[in-house]
Amino acid sequence: MNVIIIEDEKPSARRLQRMLKSMDVAAETMLHSVEESLQWFQHNEHPDLIFLDIQLSDGLSFEIFEALDINSAVIFTTAYDEYALQAFKLNSIDYLLKPIDDDDLRIAVNKFKGRTPQKQSVTLDFNDIKKLLVNPIEREYKKRFSVKVGQHLKLINIEDIECIYSENKGTYAHTNEGRNYLLDLTLDQLEDELEPHVFFRVSRKFYVNINAIKDIISYTNSRLQIKLSHFNEQDIIVARERVKDFKNWLE
């Protein structure tokens, strides 16, 4: 199986390469820009599968498909959410939200391996996709949660939540009153429910509210530690592969 990675962040590309290698999938070629990818495709046989980041250093990766007929299946690796990805009209096998999870990657690769072999050109409406990414369609985000407290239902306003985290297979909202409430959604299910300018998923375990951040401290292995106004039950660590996106989100 001929596989390539197109990703402008070289540490992320190397991490994905290592993850694939552990699954006996070799991705020897790594490209880091639209220009580099265009040159490569013009002089090499198209691969069976492309792991493709959407935003590259010199533009959107869709420009590659706009310029050339690519005969490869695509698995997106992206920070964009499922809502935006629904607009992509091409022969994508799957998409993986960053930071990429081992299990999600394995499922995507197995899905590709199990499909009926075929070669076809990628087709997409580049302009429509670009509009969606640059000016996302307005949508309603969650304003409150209803949670069960004993025999009662309590409403928690979203602005009163400092962080949302997973623990022991449960998902909890921690409020600025210092209380934890069990939610009936997983963190993955909350991906499309939380206002992205307010909440950021710093790791597999935590979403944090930007308005609750009290301090940000350098941590080991190029990570960051977050201190919130009231939550002090455990350390909140920004995963290393999320640090760059987190810093951009803060601005």
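1. Salt bridges first: this predicted model holds six of them. Here a salt bridge is a side-chain nitrogen of Lys or Arg within 4 Å of a carboxyl oxygen of Asp or Glu.

2. Have a look at E9 and K244, whose closest N and O atoms are 3.6 Å apart in a salt bridge. E9 sits in the loop between strand 1 (3–6) and helix 1 (10–21), while K244 belongs to helix 7 (residues 243–250), so the pair ties together parts 235 residues apart in sequence. Helices (H or I, at least four residues) and strands (E, at least two) are DSSP runs, numbered from the N terminus. E9 is buried at 18% relative accessibility, and K244 is partly exposed at 46%. The cut-offs are under 20% relative accessible area for buried, over 50% for exposed, and in between for partly exposed (1.4 Å probe, protein chains only).

3. R15 and E241 also form a salt bridge, at 3.8 Å from N to O. This pair links distant parts of the chain, with R15 in helix 1 and E241 in the loop between strand 17 (236–238) and helix 7, 226 residues apart. R15 is partly exposed at 23%, as is E241 at 28%.

4. D245 pairs with R242 in a salt bridge, with 3.3 Å between the closest N and O atoms. D245 is partly exposed at 22%, whereas R242 is buried at 7%.

5. Finally, a network of salt bridges links D188, E191 and R201.

6. A word on the basis: local features need pLDDT of at least 70 and side-chain atom pairs count only at pLDDT 80 or more, while totals for chains, interfaces and linings use all residues. Residues are numbered from 1 along each chain as its sequence is written, and side-chain values use heavy atoms, leaving out hydrogens and water.
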